[in-house]
Amino acid sequence: MISAPDRHPHDVLVIGAGGAGLRAAIEVAALGASVGLVCKSLLGKAHTVMAEGGVAAALGHVDDRDSWQTHFRDTMVGGKMLNNVRMAQLHALEAPARVRELEGWGAVFDRTRDGRILQRPFGGHTHPRLAHVGDRTGLEMIRTLQDRAVAMGIAVYMEHTITHLTTNPSGVTGAFGYRRLDGDAVVFPAKAILLATGGIGKAYEVTSNSWEYSGDGQALALRAGAELIDMEFVQFHPTGMVWPPGVRGLLVTEAVRGEGGILRNSDGERFMWQYLPEDRRHEYAATDEEARTWVEASSASRQTDARRPPELSTRDNVSRAIYTEVREGRGSPHGGVFLDISYLPADHVRRKLPSMYEQFKELAGVDITAGPMEVGPTTHYVMGGIRVDAETGATTVPGLFAAGEVAGGMHGANRLGGNSLSDLLVFGQRAGAGAAARAASIADDPYMNPVQIRAAEEELEAPLSRTGGTDPYRLREQLQATMQSLVGIYRTASDLKDAIARIGDIRHLADDLCVPGGRAFNPGWNLVFELRNLIDISDAIARSALVREESRGAHSRLDFPATEKAWVDRNVVVCRDGETLVVGTSPIPPMPKDVRALAEAGGGA
Ligand SMILES: Cc1cc2nc3c(=O)[nH]c(=O)nc-3n(C[C@H](O)[C@H](O)[C@H](O)COP(=O)(O)OP(=O)(O)OC[C@H]3O[C@@H](n4cnc5c(N)ncnc54)[C@H](O)[C@@H]3O)c2cc1C
């Protein structure tokens, strides 16, 4: 006998309590609507807390030549011109105000000598632009947003997993999930729902992401009728730990290269010089001496005309370079390359990169002030995601909104480091306002159809009531191995078709998942629902990658190595028709002439 689930009605329900969800919930509350904030783990434990390098905003504190226009252009160039132009504009324009707002709410950033927010250089950014707190920026950001949300009295539901959204012909009506503590069902009737659930890293074997990144929001949106765009663009961060095996994939922040870290192969060669794209080579230092001058100037927060080191090329490019070095036999003993910052004074390294120092000392027994680290690419971020309106975060389903990593468009084919934390603040605020406005326009209390609730409840119970079937852990391993080997940095049509067929088999086996035990804190049972989402999202990535017959940004096709003009104005779109995923393309409206000129200033796609 199933008892009636606990019920928590709100005007707006925000699913996800990272930077995007918290900023959105603060906006909803500030506009006077009732807001509930749900997260799978404890408040403060989202991915945002792991962010190390910083938040990008054209404050111009270290180099006053910086401007929103330059930030916009860097973002478009980094995204290979596939970005949603309006999102990239709003982001560059509003990031400085959002960072100052955060400071006003109590965030304590590192300082310039004259007491302003300090900014560090990062890959693909023309000027030092990342406001930071050592290499623990996300922690400070979450602490500040969390304090504010709690002080505003926002209702927080920790350790609750949302598994279903309910809808009627006018849009979303609420969310259904369970409490991880006892496994009991919970319903959240809401006039508007805002997804801020983050990324998809757990679709791969090697990732910088934690267990929480199982593509839940993307899959929930698909099932509710929303569209996903450009899911083929998965960012493989160039520098994850490669050894020991237990920490493979753990992030080595780009701040190491921003502070002067040099990449070398097993021959001792600084190989990034060979991999700079011809059309952008002029942006990078021509010699070791010039790169060194740049490092010294930026570490003293001094403006310089020296150009940046080759290690600060965009992430897609550095990842391909490392992959190629290893594949061609010039890798380090554990299958990576060397990243060296030990030529700088030890106390400077410990002060600028305290987490990295401890991470390598504790986990690998390596002192990064005395010798190089071993690093290699790791699955880090998804540029694709739910299609949203730039101004309001509205998806194509009425009442459903999205912000943060779960949303697509902002970063195009490749994200620049630091542009995610600023994205969370800018579009968290905008989507919060959008969701609050939608809620205010609806007079009636939201009504969740009991038939949909019962069906969701039966799905929860099914894997516990089967006596034989498939083990979810084994199936997830198969899925991750498939994605890692066939849908990784380099792709081909035959590998992608193979991946789609294998994911189809995995989907079939997932109909029969079976787990022992009950519902209270049962990780196997929790995995069942995450696996269902991972299967949908992996399928969407592989199918989108097959459709895009070119190489652009993070999507590299060995069988279509060129970046094709014909693809710059097309999104790859995924939606659901019953149980099947449907993949197609949709045109991107041409950029207004003045915006195109700005985006292309200093070079083409
Ligand atoms: C190690 C690391 C370092 C990084 N460093 C930087 C950096 O320096 N600068 C930068 O710009 N970016 C950085 N990034 C990227 C950036 O941190 C993330 O893209 C960003 O934090 C995502 O924020 P979010 O609010 O979208 O999601 P998150 O912060 O991940 O929050 C997601 C929330 O959704 C909840 N959730 C998920 N599914 C469900 C569900 N089914 N039900 C209920 N709740 C759910 C989770 O519990 C969590 O609360 C880094 C990422 C990593 C992994």
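This is a predicted model: local features need pLDDT of at least 70, side-chain atom pairs count only at pLDDT 80 or more; totals for chains, interfaces and linings use all residues.

Student: Which residues come nearest to the ligand?

Tutor: There are 43 residues around the ligand, and Gly16, Gly18, His47, Gly198 and Gly404 come nearest. Helix 1 (19-30), helix 4 (137-151), strand 8 (160-168) and helix 11 (419-440) are the elements that give two or more residues to this shell. The largest share, four residues, belongs to helix 11.

Student: Why is the chain called as compact as a globular protein of its length?

Tutor: The chain has 16 helices and 21 strands. For 605 residues the globule rule gives 25 Å, and the radius of gyration of the chain is 23 Å; the two values are close, so the chain is as compact as a globular protein of that length. Its C-alpha atoms fill a box of roughly 75 × 50 × 50 Å along the principal axes.

Student: What share of the residues in the chain is buried?

Tutor: Buried residues account for 56% of the 605. As for contacts with a separation of 6 or more, 75% join residues 24 or more positions apart.

Student: Why does Thr163 count as buried?

Tutor: The cut-off is 20 or more other C-beta atoms within 10 Å. Thr163 has 22 such neighbours, and therefore counts as buried. This residue lies in strand 8.

Student: Which residues is Thr163 in contact with, leaving aside its neighbours within four places in sequence?

Tutor: The partners of Thr163 are Phe176, Gly177, Tyr178, Ala456, Leu460 and Phe529. Thr163 and Phe529 are 366 residues apart in sequence, yet their C-alpha atoms are 6.8 Å apart in space.

Student: What makes helix 2 mostly covered?

Tutor: Helix 2 spans residues 68-78, and nine of its 11 residues are buried. Among them are Phe72, Met76 and Val77, as well as Arg73 and Asp74. The buried residues of helix 2 pack against strand 4 (55-56), helix 3 (85-104), helix 11 and helix 16 (593-600). Just after helix 2, Lys80 takes a positive phi of about 55°.

Student: What makes strand 12 mostly covered?

Tutor: Strand 12 comprises residues 234-241, and eight of its eight residues are buried.

Student: How do you know that strand 12 and strand 15 pair?

Tutor: Pairing requires at least two bridges between two strands. Strand 12 and strand 15 (residues 373-382) have six bridges, in the antiparallel sense. Phe236, for example, has Thr379 in strand 15 as its bridge partner.

Student: Why are strand 4 and strand 5 called edge strands?

Tutor: Three strands form an open sheet in the order 4-6-5, with antiparallel pairing. Strand 4 and strand 5 (119-120) each pair on one side only, and are the edge strands. Strand 4 pairs with strand 6 (residues 130-131) over two bridges, and Val55 stands opposite Ala131 in strand 6.

Student: Through what do the strands of a sheet pair?

Tutor: Strands of a sheet pair through backbone hydrogen bonds, in either a parallel or an antiparallel manner.

Definitions and conventions. Residues are numbered from 1 along each chain as its sequence is written. The radius of gyration is taken over C-alpha atoms; the globule rule is 2.2 Å times the number of residues to the power 0.38. A residue is buried if 20 or more other C-beta atoms lie within 10 Å of its own, exposed if 12 or fewer, and partly exposed in between; C-beta atoms are placed from the backbone. Two residues are in contact if their C-beta atoms, placed from the backbone, lie within 7 Å. A residue is near a molecule or strand if its C-beta atom, placed from the backbone, lies within 6 Å of it.
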